[in-house]
Every structure is written in C-alpha cells, then in structure tokens.
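Trainee: Could we go through this structure together? I would like to start with the overall layout and then turn to single elements.

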Amino acid sequence: MQGNIEAYRIWAPDDALWAQWAKPVLFADMPQKVNEKLHIPSLDWIAAADYSTAIIVDLPEHEGVLEGLALARIGYRPVPLYNGVCGPSLSSMIVPVKNIVHALCIGSDELTKMAIRPDAPPAFLLDSNRMSGFGKQAGKYDNRWCVFPQDMPSAAYLMNKGIRNVLVRTNSSHDDLRHILYRYEKQGITVLLCNGGTPKRVEVTKPSKFKSVIYRFSVIMGLTRNAAGGFGGQIPDATDRGYGIG
Amino acid sequence: MDFGMKLGAIPEKNYSDYRYDVIFKAYKWDPQVGDSNTVAKYVVLMNRDTAELLGRLAEQLSEETMQMEEALAQKLYLAKKLGLPNEIKKALTRLSNYDRSRNVRLMRFDFHPTKIGWMISEVNSDVPGGLAEASVLPAVATRYFDGYSPHKNVADSILVAFQHKMKPGGVAAFVHATSYADDRQVMQFLGDTFGQNGYQTLYAAPDHIKWIDKKAVNTIKGLEGNVDSIIRFFPLEWLANLPQKKTWLGHYDCDTVSCNHPISILTQSKRLPLIWDELDVDIPTWKALLPPTVDPKHMHRQADDWILKPALGRVGEGISIKGAASENECKLIEKAVRKRPQNWVAQQMFHSQPLTTENGEDYHLCIGVFTVDGKSAGFYGRMNPYPHIDARAKDIPVLVLDEEDSNHAG
C-alpha cells in the first residue's frame with residue numbers, strides 16, 4: 001500500500017517527460033487503499049501509441065482514469081490533470097471526486113506493472129463533470145473547476161517534443177478546453193476529436209472572449225493563480241461555458 | 001552591493017525527492033505553471049544581520065501601515081481616491097469601530113535587492129499568500145545545508161495570535177474560492193495547523209457564512225453552526241462581486257475574530273501613496289523603501305523608467321514593465337489606464353540586482369517578509385531569471401545562518 005507521495009510518484013515519475021504537469025491535488029488526501037481491482041476497458045478507437053499525438057481524455061468522473069490506464073497499456077503516459085478539491089463532506093460537494101481519488105489510488109498498482117517509456121507521448125486526464133452542477137446552491141461546497149492554458153504544455157513545447165496532433169477523447173466539450181485547443185491549432189497543431197469511434201479531424205471554433213480584453217485580463221490578472229495570492233479576475237461560473245469543438 | 005545572502009543549489013541527486021516533498025509536505029499543489037517548474041533548484045542562504053534587518057524593517061512598515069489604515073478609517077473621504085469598487089466604498093463607514101487588538105493582522109511586504117539597496121514593491125495587506133512556502137519549505141530544504149536553519153514560521157505566528165483571541169477548541173472557518181485548488185492549498189495548510197492544535201476547522205466559501213448579531217455563522221449542510229474566527233483567503237473586492245454581495249457587509253463590523261479584517265483593503269490599494277501625506281501619520285520607512293509613486297495622469301506617457309500598476313493588482317500581474325511584459329501587454333495596460341486612470345498608479349521602476357549562482361546564472365529575487373500583529377514572522381522567497389516576479393516565479397526557501405556559524409556568511 002502506498003502513501004500519497006508514493007502514489008503520486010507512480011503517476012508522475014520524475015524521469016517521465018510529461019509527468020511534471022500532473023496535478024497533485026487529489027493525491028494530497030488519499031484514503032486507505034482497499035483490495036479492489038479496476039475494470040480497465042479495451043480501446044476500439046486506438047491500437048498503438050503514436051509518438052506524434054498527444055491525447056486529452058475528457059470523460060466523466062473516474063472513466064478518464066480507466067481510459068488513461070488503458071492508454072498506458074499501449075504505451076501512453078497518463079497524466080492526471082484533476083484539479084478539483086474535496087469538500088468538507090461527500091454530500092456537500094457539487095462535483096463528486098471520491099471515485100476519481102479511489103481510481104487513482106488503486107490505479108497506481110496497475111501502473112507499476114506497466115513499463116512505460118520515459119519519452120512516451122502524454123494522455124492528459126480530465127473530468128468532464130468539472131463544471132457540472134449548479135454553482136450557488138445554498139450550503140453546497142463549490143468544488144467545480146476549470147482547466148486553463150497554464151495547466152498544460154504550450155504548443156511550442158509540444159511541437160518541440162515532436163507532437164503534431166492533439167486528440168481529444170470525449171463525449172462532451174467545454175469552453176475552457178476549447179481555449180487551449182484553439183491556441184494549439186493556431187500554432188499548427190492538428191486537433192482530432194474522438195467520441196469512442198474513429199477519430200476525426202476538427203476545426204476548433206473560436207471560443208468566446210478569446211483574446212478579448214476581458215478574457216485576456218482575466219487570464220493575466222485573475223486566472224494565472226498561485227499560492228502567492230493570485231487574485232483579481234473573475235470567478236468561473238457554470239453558466240459561462242460553451243460547446244462546440246468542430 | 002552585498003546583500004548578505006547567496007544562492008545555494010539543492011544537490012542534483014536530491015532534487016527529485018525534494019520536489020515531491022515540497023508538493024506534499026509544503027502543500028505546493030501548483031508545482032508547474034505552463035512550461036515552468038515553480039519549485040526552484042536553489043535556496044537563499046541569508047546571513048543573520050540581513051534577516052534581522054529585513055525583519056526590523058517589516059515590523060516598522062507593519063506598524064506604519066496599521067496606523068495609516070486606522071487614520072483612513074476616520075477620514076473616509078480620502079478612501080475615494082484609492083480605486084476601490086463602489087460596493088466597498090459604501091461599506092467603509094462600518095469600519096469606524098475597528099479595534100486591531102480584537103483581530104489578527106497579517107501582512108507581507110515584498111523586498112527586492114536593487115542597485116541602490118533594499119526596496120519594497122508593495123504590501124500584500126488583504127490576503128497574502130505564500131504561507132506554507134514560508135513555513136514548511138525552509139524546513140524541507142534545511143537538511144541539505146549544514147549551518148543554516150528556517151527563520152520563524154508564519155503559520156505558528158498566526159496560530160499563536162488566534163490562541164490569544166479565540167476560545168480553545170473553537171471553530172475556525174477558512175474562507176476561500178473553493179473552485180481553486182491553489183487557494184485551497186493555502187487554507188488546507190493553515191487548517192491542518194489549527195486542527196493539530198485542537199481547533200475545529202471548516203473550509204468554506206464566502207456564501208457559506210451568514211452574519212447574525214455581528215457574529216459569523218456557518219451554513220454548510222450538515223455542519224451548520226457558530227464560527228469563532230474567520231481566516232479569509234478571498235479578496236475583499238471579490239466579495240463585492242458575489243451574487244448576494246450584501247451578505248458580506250456584516251464582515252465589516254463583526255465581532256468574530258478576523259484575519260484579515262476588511263480594514264486591510266485600505267492599505268491593499270497601490271494608490272495609498274497618493275493620499276498618505278494627508279493622513280497625519282509619520283511613515284518614514286514606507287517613504288524610504290517604496291519607489292516614487294504618482295497618479296498615472298501625472299506620468300509622462302513615454303517614460304521608460306516608470307511602470308503602471310492596477311490599484312488592486314496582485315502577484316505582480318497586469319504591470320507594464322518594459323522588457324518584462326510584452327509590447328502587446330503594455331499596450332493593453334496603457335489602454336486600460338487611459339480608460340480608467342483612477343484604478344491605476346504609476347511608479348518609478350527600480351533596478352533589481354540579481355544574485356548569481358555558482359554556474360553563472362542570474363536570478364532576480366523577491367523576499368516577502370510576513371508580519372503578524374506587527375511582529376516579523378518569516379520569509380517567502382521567489383525568483384525569476386527576469387526582473388519581474390510574477391505567477392511563473394519559482395518558490396525558493398530562505399534559510400538563515402545559525403548564530404554560531406555567522407562567520408561563514410557569504
């Protein structure tokens with residue numbers, strides 16, 4: 001049984017090219033591990049790792065972890081980007097994260113059995129429920145979250161490492177991810193979408209507020225945040241989301 | 001100029017272990033921002049005289065700051081010039097009975113080594129971050145540097161301050177933007193410190209707190225009840241943007257021990273220097289250490305050695321530093337200043353003096369010095385290869401030379 005540092009080390013080993021982006025939040029308070037096996041799905045939409053393609057798995061709850069482990073089996077490096085916190089009680093949280101924590105915890109055992117190359121291409125894992133639910137419910141702990149450009153490698157970094165395509169494995173789409181994909185596409189990376197079938201190339205539509213003064217300043221002043229107290233911008237709201245990769 | 005400090009490298013073979021320890025023991029949940037690793041491979045090794053000098057200056061600044069905000073609370077017509085949101089300006093009349101002895105006052109002064117000596121860029125007066133970085137990071141790093149030790153612990157100082165003002169075993173509410181893991185890491189760290197010392201901890205969003213008879217009450221489902229103290233990591237100006245903004249008016253004149261009390265917004269504004277001569281408060285330390293600061297309307301537009309800062313900006317963002325900010329960013333900022341000059345300030349740029357590593361790399365440094373109720377409480381170090389400390393800056397622990405080793409100072 002591993003503690004939180006050990007589990008995180010397995011998901012984010014220091015010699016792995018993309019591991020430095022792994023988010024530690026859900027590893028910070030890992031439960032005691034139970035003797036349980038995960039059902040790792042077989043993947044119909046991909047057969048082998050393609051070193052020129054990064055994958056973003058954006059699936060609900062722990063499904064992303066399971067597909068991430070399936071991708072690890074064929075040579076990808078799963079990189080958890082889950083950045084939502086646990087609330088004071090299970091019933092008070094808007095976005096349930098318990099199953100993700102559980103899958104990461106048990107999944108670390110699975111991952112240790114796999115020999116993933118240090119330069120394996122990345123499969124970034126997101127929870128597509130991250131902005132689900134109603135934001136301001138009385139007495140509820142709002143642990144919804146967004147993914148921002150600074151949570152992922154830049155297009156320049158990806159291309160420098162030989163990545164030419166980004167494949168999004170999802171059944172939904174969110175405006176926060178579209179901001180990232182639009183930047184990638186503008187800088188020459190091909191974006192592909194896969195909802196479980198054959199991946200298809202898509203053109204990312206320009207997200208709302210992209211490079212507008214509001215968005216620009218919200219990123220510069222508010223949403224590039226760190227522990228130094230990075231405040232000043234807008235609070236993300238569930239109503240401020242859009243759909244439409246493609 | 002010798003600032004009595006140098007950069008020491010974490011041994012390469014230990015850096016990986018160190019980074020994992022920093023993430024989990026020092027609550028560093030944002031170790032990567034974009035393509036930048038924010039955990040430095042260096043530490044600041046500071047001699048004792050420098051540590052004592054910075055601590056002394058921060059204590060003087062803290063006292064002057066508290067005197068200014070108390071004076072401002074009695075001269076609210078001056079607060080109109082601070083660039084505060086209207087909702088806050090309307091609420092300021094509730095500050096008239098503020099009593100510093102019934103609250104805990106936390107600040108962080110950001111010191112920079114410059115060509116002409118130490119200078120400060122700002123005080124983080126409302127919700128200063130970097131608490132775990134100042135408290136735990138040095139303890140994690142100290143094992144690699146014989147003869148150097150962590151210097152004070154801001155979390156312990158905050159705890160002790162509350163122990164004097166809050167009942168044992170009481171409920172401490174840590175109020176933050178719950179959607180942000182980066183903010184939760186700060187609250188979790190302090191909450192764990194309080195929890196280990198017998199307090200009940202509550203992680204809450206602003207809208208979980210109601211004010212009844214001037215006391216804070218928690219409304220989280222299943223955990224409802226009284227709150228004995230508020231530790232806020234949610235900027236006051238954000239409270240004014242919440243859907244039920246009037247709910248938080250109660251915070252301005254509450255009896256619940258607060259850190260920080262809303263009075264802190266008066267000195268959080270970067271426009272404070274524009275009115276401080278009208279306060280009848282003696283502030284020699286502030287005047288000696290802060291670069292000349294003027295209303296942007298009085299700044300020559302083409303002046304290269306002046307920078308523009310938002311009145312309520314944080315983490316060094318939204319600042320037009322030529323050479324550090326892109327041309328486009330500078331243009332955007334200048335446009336915003338032209339539109340609303342009352343929300344900005346112009347400040348003469350200082351010239352940061354970098355420290356050079358043994359490998360010949362230059363790093364610009366910012367030492368944030370915390371004060372708690374006027375007493376210095378620890379150092380938060382950040383560094384960048386360019387002369388601007390922003391969100392991509394690396395966190396660097398500050399270690400201070402042990403007294404018996406003071407003859408080894410570099």
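Trainee: In what order do the elements of chain A run from the N terminus on?
Mentor: They run α-β-α-β-α-β-α-β-α-β-β-α; helices (H or I, at least four residues) and strands (E, at least two) are DSSP runs, numbered from the N terminus. This is a predicted model, in which local features need pLDDT of at least 70 and side-chain atom pairs count only at pLDDT 80 or more, while totals for chains, interfaces and linings use all residues. Residues are numbered from 1 along each chain as its sequence is written, and chains are lettered from A and ligands numbered from 1 in the order in which they are written.

Trainee: How many of the residues of chain A count as buried?
Mentor: Of its 246 residues, 49% do. A residue is buried if 20 or more other C-beta atoms, placed from the backbone, lie within 10 Å of its own, exposed if 12 or fewer, and partly exposed in between.

Trainee: Is helix α2 of chain A mostly covered or mostly open?
Mentor: Mostly covered: α2(A), residues 63-73, has nine buried residues out of eleven. Among them are V65(A), L66(A) and L69(A).

Trainee: Which elements do the buried residues of α2(A) pack against?
Mentor: They pack against β1, β2, α3, β3 and β4 of chain A.

Trainee: Which residues of α3(A) does α2(A) meet?
Mentor: V65(A), L66(A), L69(A) and A72(A) of α2(A) meet I100(A), A103(A), L104(A), G107(A), E110(A) and L111(A) of α3(A); a contact requires C-beta atoms, placed from the backbone, within 7 Å. The residues of this contact divide into eight nonpolar, one polar and one charged. Here Ala, Val, Leu, Ile, Met, Phe, Trp, Tyr, Cys and Pro count as nonpolar, Asp, Glu, Lys and Arg as charged, and the others, Gly among them, as polar.

Trainee: At what angle do the axes of α2(A) and α3(A) cross?
Mentor: They cross at roughly 15° and come within 10 Å. The two helices are therefore roughly parallel to each other, a term for angles under 35 degrees.

Trainee: Changing topic, how many residues of strand β13 of chain B are buried?
Mentor: Five of its five residues, 229-233, are buried. S229(B), I231(B) and F233(B) point one way, and I230(B) and R232(B) the other way. In a regular strand the side chains alternate between the two faces of the sheet.

Notes
Contact = placed C-beta atoms within 7 Å. Axes fitted to C-alpha atoms, helices over the stretch in contact; angles between N-to-C directions. Parallel < 35°, antiparallel > 145°, perpendicular 65-115°, else oblique.
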